[in-house]
Amino acid sequence: MDASTSVFSAADEETWKILQEAFHQIAGYTRSGFPDRIAVLIQGYTLCFNISHCDLKKAVELFRRAQKMVEDYLDEVTRTLFETGAEGQARTGVDLLFILCDQWQSHQVLAKWCEKTFRHLDILRDRSLIKGQDSVYNMLLKCFASAGYGRVKHAFVEAILAEIDKDRNGAVASCGAVKVGTTMLVELGLGEKGKEETTLYREDFQKAFLEATRVYYRRACAEILHQEGGRR
């Protein structure tokens, strides 16, 4: 939506700029602590309320802008993190697992701040004044699923399966990476604070894991039968 068709007034646009600055300030705090976080939260909520409390069209526009802001932020951060491995190559393996899980933990902190800042939008939604709109928290989950995890999900799942395969074959494996990776998939797939389960874990990981398990044990059984046959 361009400026000529925006429902925001000039004053709203100035308020939105302040909200953007607060968002990026908090995004930076997720890795370095939260100095003066209460003041920032109160300011952010007040600004959000001032824009949206009297005009539902402005509330819808504020939600759209907030979602776009989060998506753009995640797109920039994940591109930098995942595409700057050794010699400029894309990160893979255990390195990728831990980087994404670390980013997920930071995103959870950011999501809590956004949920509080844009709480008035959830109030309007809960009162059915805004139809067909996600909660702010669920919107944040979907943003990470698409702009964060979604960017590397195939490599991420392959990295988990590779570590599991190492462990099954007696090689040194990072069980910690497997644990944090699968836990992230479960948490990311829980939906709105566990109220609506999604198929993220089942569709992206469980199917591939069960197939890899089937192949592993078929191969292992074939080897055992071959060895036993050779002894007769």
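Aspartate 72 pairs with lysine 68 in a salt bridge whose closest N and O atoms lie 2.8 Å apart, the term standing for a side-chain nitrogen of Lys or Arg within 4 Å of a carboxyl oxygen of Asp or Glu. The structure is a predicted model, in which local features need pLDDT of at least 70, side-chain atom pairs count only at pLDDT 80 or more, and totals for chains, interfaces and linings use all residues. Residues are numbered from 1 along each chain as its sequence is written, and side-chain values use heavy atoms, with hydrogens and water left out.

Both aspartate 72 and lysine 68 belong to helix H3, where four residues, about one turn of the helix, separate them; helices (H or I, at least four residues) and strands (E, at least two) are DSSP runs numbered from the N terminus. Aspartate 72 is partly exposed at 39% relative accessibility, and lysine 68 is likewise partly exposed at 41%. Here buried means under 20% relative accessible area, exposed means over 50%, and partly exposed falls in between (1.4 Å probe, protein chains only).

Helix H3, which spans residues 56–82, also holds arginine 64 and glutamate 61, three residues apart and so separated by about one helical turn. Their side chains meet in a salt bridge of 3.0 Å, N to O. Arginine 64 is partly exposed, with a relative accessible area of 35%, whereas glutamate 61 is buried at 3%.

Lysine 166 forms a salt bridge with glutamate 163, with 3.1 Å between the closest N and O atoms. Lysine 166 is partly exposed at 35% relative accessibility, while glutamate 163 is buried at 5%. The two are three residues apart in helix H6 (residues 136–168), and therefore about one helical turn from each other. Elsewhere, salt bridges that share partners link Glu13, Glu61, Arg64 and Arg65 into one network. The count of salt bridges comes to 13.

Apart from its neighbours within four places in sequence, methionine 184 is in contact with Leu100, Cys101, Trp104, Phe144, Tyr149 and Phe156, contact meaning heavy atoms within 4.5 Å.
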